[in-house]
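Hi,

Here is the structure I promised to pass on. Have a look at it first, and then read on for what turned up.

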Amino acid sequence: MGSRASTLLRDEELEEIKKETGFSHSQITRLYSRFTSLDKGENGTLSREDFQRIPELAINPLGDRIINAFFPEGEDQVNFRGFMRTLAHFRPIEDNEKSKDVNGPEPLNSRSNKLHFAFRLYDLDKDDKISRDELLQVLRMMVGVNISDEQLGSIADRTIQEADQDGDSAISFTEFVKMDNH
Amino acid sequence: MPGLLRSDRGGLSVSSPSGERKDACSLRIIQRDESPMEKGLSGLRGRDFELSDVFYFSKKGLEAIVEDEVTQRFSSEELVSWNLLTRTNVNFQYVSPRLTMVWVLGVIVRYCVLLPLRLTLAVIGISLFVIGTTLVGQLPRNRLKNFLSEVVHLTCCRICVRALSGTIHYHNRQYRPQKGGICVANHTSPIDVLILTTDGCYTMVGQVHGGLMGIIQRSMVKACPHIWFERSEMKDRHLVIRRLKEHIALKEELPILIFPEGTCINNTSVMMFKKGSFEIGGTIHPVAIKYNPRFGDAFWNSSKYNIVSYLLRVMTSWAIVCDVWYMPPMTREEGEDAVQFANRVKSAIAVQGGLTELPWDGGLKRAKVKDTFKEEQQKNYSKMIVGNGSLKSELD
């Protein structure tokens, strides 16, 4: 007799996740029971349908892109490690972490990794550039049918113009980060 | 000057469970940001699109992935501290050998002492019911028949409630549903029906079932008129409403019992009330039912357990303890449509029972959510980045 949640999650695995993501022991256990409650097929992995069963996520305009962020390239299932790794990007930075050693590996929830996450929401073909089309696609997802193509196009053009510095009519990751620094 | 992109927004604060929880409702994994879209995007009308707007949506999305309001309502409530039933032992760690001993003792008592007693009572109750209603059904329709039918119903229901070790507290009995009215309550399990009929007789509405349920349904109809529909008839909303209207028009009839949520919810919240019951007219008598989860979990998770395993689980719990609040009758006001009326009744029940009120449809247990909600969000966002005037109108 013990907690059903943590007997299925081995202690070594828990420790590894703790080191990798920075979540505490109890946070990981709670998130694990959330993971298992979403896993209707009970096979230890989540599919895209499992995510789409969450109504509040299904009505999110960027829902599909966010779900995609959990799945590694070309795969249809995500296990608990992958689940936690993606969530870790959004773990708020604790005060005692701010002065951690500079030489260690960058924590998953660093500002740079958060920006990377957002960048990847736009950059579908993973060529490290947000092209006008990719920007338009995301804009279209967020506004639905409420804005005309021309107007959306001009919004996209304006955004690229303001961000683009090397003149390739696309936004690279560095340009993306520079916008954040203003 | 605000930048086009700000990454300091967009963190989730995951709370670790601590000892200072007051009740199960505060057992949340994260602290959600409930501010509306305008505040979350820190914009006024007519502000421009920013690349960082994705952060708002991704934060909302990730919050929903970690903890959402809807899916948790379709599984049993998590308890603050363990009540010695294995089924509720989800997040708790192994504590001590002494606790294990107590638990083993509990299992023995529940399965070897309580269960046989309860099963016997249940068998007695159901058999008496079937025999009683058949006998009463022989009488012609007159006041004696109604009186005897009531006696049979109440006696057998009380036996069956004892079979579940049910302890029910009725509050405000002066507001008990009257003849010719409609009784409306939140739905947690089939036991709700038992709990309400122990204190008064109602006309049931529902689908015809097979098996044991079917036998009980057919017996009930012999003694007093209930409204059972074939599965195909249930889909015809107008037919259903017409039959219900006919029933209320005869003011002499027993109040109709309806559960407007349409499905079982886990008793932590009240979900959307379907407007059909509120279109019939007549007086609505709301009733709030709240189970005490420490003694046993009354929620029927129909996707996980069938009715027989559900009843077994209920009979091997410690007890079913619940509170029933009868509330003052409500009628539809001038200028209020059925949906608004339904929401008003829903709020009243939620407040009385101490439950969270949700606008979501209980049908989301099985069905996908409608796209209209997503379209609403998209519309709101579009208004923000271009202002109302330049939105593409439907006349284009």
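Among contacts in chain A between residues at least 6 apart in sequence, what percentage join residues at least 24 apart? The figure is 52%. Bear in mind as you read that this is a predicted model.

Some more on chain A, then. The chain has eleven helices and two strands. Starting at the N terminus, the order of its elements is α-α-α-α-α-α-α-α-β-α-α-β-α. Chain A counts 182 residues, and buried ones make up 50% of them.

One helix pair I went through in detail is H2 (residues 11-21) and H7 (residues 80-88), both of chain A. Their axes come within 10 Å and cross at roughly 25°. Angles under 35 degrees count as roughly parallel, and H2(A) and H7(A) are therefore roughly parallel to each other. As for handedness, the crossing of H2(A) and H7(A) is right-handed. If you want to bring up the side chains, H2(A) contributes Glu13(A), Glu16(A), Ile17(A), Glu20(A) and Thr21(A). On the H7(A) side, these meet Phe80(A), Arg81(A), Met84(A), Arg85(A) and Ala88(A). By type, the residues of this contact between H2(A) and H7(A) split into five charged, four nonpolar and one polar.

Still in chain A, have a look at Asn68(A), which is found in helix H6 (residues 63-70). With a relative accessibility of 33%, Asn68(A) counts as partly exposed.

Now the cysteines. How many disulfides does the structure hold over all chains? The count is zero. Take Cys183(B), which is in no disulfide: the nearest cysteine sulfur belongs to Cys201(B) and is 12 Å away. A disulfide needs the two sulfur atoms within 2.5 Å. Cys183(B) is also buried, at a relative accessible area of 0%. Cys264(B) is in no disulfide either, and the nearest cysteine sulfur, from Cys322(B), is 14 Å away. Buried or exposed? Cys264(B) is buried, with a relative accessible area of 8%.

That's what I have for now.

Cheers

Definitions and conventions
Residues numbered from 1 in each chain as written. Chains lettered and ligands numbered in written order. Predicted model: local features only at pLDDT ≥ 70, side-chain atom pairs only at ≥ 80, totals over all residues. Heavy atoms only, no water. Axes fitted to C-alpha atoms, helices over the stretch in contact; angles between N-to-C directions. Helix = DSSP H or I, 4+ residues; strand = E, 2+ residues; numbered from the N terminus. Parallel < 35°, antiparallel > 145°, perpendicular 65-115°, else oblique. Left-handed = near helix turned anticlockwise from the far one by under 90°. Contact = heavy atoms within 4.5 Å. Nonpolar A, V, L, I, M, F, W, Y, C, P; charged D, E, K, R; others polar. Buried < 20%, exposed > 50% of the residue type's maximum accessible area, 1.4 Å probe, protein only.
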